[in-house]
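Take a look at the model below.

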Amino acid sequence: MEKANETSPVMGFTLLGLSAHPELEKTFFVLILLMYLVILLGNGVLILVTILDSRLHTPMYFFLGNLSFLDICFTTSSVPLVLDSFLTPQETISFSACAVQMALSFAMAGTECLLLSVMAFDRYVAICNPLRYPVIMSKAAYVPMAASSWAIGGAASVVHTSLAIQLPFCGNNIINHFTCEILAVLKLACADISINVISMEVTNVIFLGVPVLFISFSYVFIIATILRIPSAEGRRKAFSTCSAHLTVVIVFYGTLFFMYGKPKSKDSMGADKEDLADKLIPLFYGVVTPMLNPIIYSLRNKGVKAAVRSLLRPKGFTQ
């Protein structure tokens with residue numbers, strides 16, 4: 001009987017969440033809920049203004065609208081599950097629901113990495129080659145760029161999710177996380193996961209290594225071009241066109257590298273605190289970055305600020 005239990009297939013997973021710290025659940029429920037509402041409102045407004053305001057019908061704002069829609073999809077694929085885990089300690093999720101949530105989160109994260117790269121290319125052309133910008137970044141070019149980002153992110157997600165769901169899961173079905181995070185799920189497989197690990201490493205190169213290098217080189221050329229502008233006013237205007245995107249890139253990749261690059265504590269007394277931090281840092285990464293994106297673009301972009309004011313101002317009202 002005991003042997004049968006160990007080898008019986010897993011039909012679902014148990015998400016631990018903050019069950020070990022029940023005193024924090026209500027606080028984080030309110031905090032994450034408020035942040036999620038800000039994400040929906042902020043990114044929803046950005047999508048509206050990029051659609052309704054004809055002045056924003058340019059490649060940069062088209063990519064920004066895609067980024068806002070992606071942030072809404074990314075958080076919606078995980079935040080409701082997180083909020084439910086605060087209300088239902090050790091929540092159980094079915095195998096199929098876990099696979100769907102894992103696929104959506106992976107697809108959105110991969111697509112965002114590529115979208116940020118495409119946006120960097122857009123800023124590179126606008127500043128380093130402004131006379132050819134209308135030709136290079138025509139609608140026939142920038143729409144396929146965005147569509148390709150979504151397609152590649154989705155394809156990578158399908159590959160990783162397909163490899164993960166083919167693995168046998170038996171015995172332990174407890175995920176020490178808020179959601180079905182793919183690395184946490186793979187740890188529960190009772191089979192060799194070397195193919196999964198190799199595919200994850202290849203994906204990291206495609207979605208992290210290549211975009212970071214591409215964005216870095218783009219901004220090296222952008223900064224070099226800006227510094228060659230003779231007037232201080234010209235340099236300020238040129239930098240203002242890419243400062244919002246650069247800030248978003250720093251926040252996105254800075255948090256990501258901190259999350260996966262921070263050293264592990266060797267102090268056994270700090271194991272519990274480290275376990276809590278390992279769960280909270282990805283959680284806040286998943287909500288803070290999408291929340292900050294519309295705020296950054298609203299504060300640092302005159303076009304967006306003007307469009308938002310125009311949207312909120314009653315018709316017929318003049319100052």
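The protein chain has twelve helices and three strands. Both are DSSP runs numbered from the N terminus: helices are H or I with at least four residues, strands are E with at least two. This is a predicted model, in which local features need pLDDT of at least 70, side-chain atom pairs count only at pLDDT 80 or more, and totals for chains, interfaces and linings use all residues. Residues are numbered from 1 along each chain as its sequence is written, and side-chain values use heavy atoms, leaving out hydrogens and water.

**The whole chain**

The protein chain holds 319 residues, and 44% of them are buried. Buried means under 20% relative accessible area, exposed means over 50%, and partly exposed lies in between (1.4 Å probe, protein chains only).

Now take the contacts (heavy atoms within 4.5 Å). Among those in the protein chain with a separation of 6 or more, 80% join residues 24 or more positions apart.

**Charged pairs**

How many salt bridges does a search of the whole structure find? It finds three. A salt bridge is a side-chain nitrogen of Lys or Arg within 4 Å of a carboxyl oxygen of Asp or Glu. Side chains of opposite charge can pair when their charged atoms come close.

| Salt bridge | N to O distance |
|---|---|
| Asp53 and Arg55 | 2.7 Å |
| Asp122 and Arg123 | 2.8 Å |
| Glu233 and Arg236 | 2.7 Å |

Arg55 is exposed, at 52%. Asp122 and Arg123 are both buried. Glu233 is partly exposed, with a relative accessible area of 42%. Arg236 is partly exposed too, at 43%. Glu233 and Arg236 both sit in helix 10 (residues 232-261). They are three residues apart, about one turn of the helix.

**A serine in a loop**

Where does Ser77 lie? Ser77 is in the loop between helix 3 (59-76) and helix 4 (79-87). Is Ser77 buried or exposed? Ser77 is buried, with a relative accessible area of 12%. Leaving aside residues up to four places away in sequence, Ser77 touches Gln101, Leu104 and Ser105. With Ser105, the link is also a polar contact between the two side chains, at 3.3 Å. A polar contact is a pair of N or O atoms within 3.5 Å; within protein, one must be able to donate a hydrogen and the other to accept it, and residues adjacent in sequence count only if both atoms are side-chain atoms.
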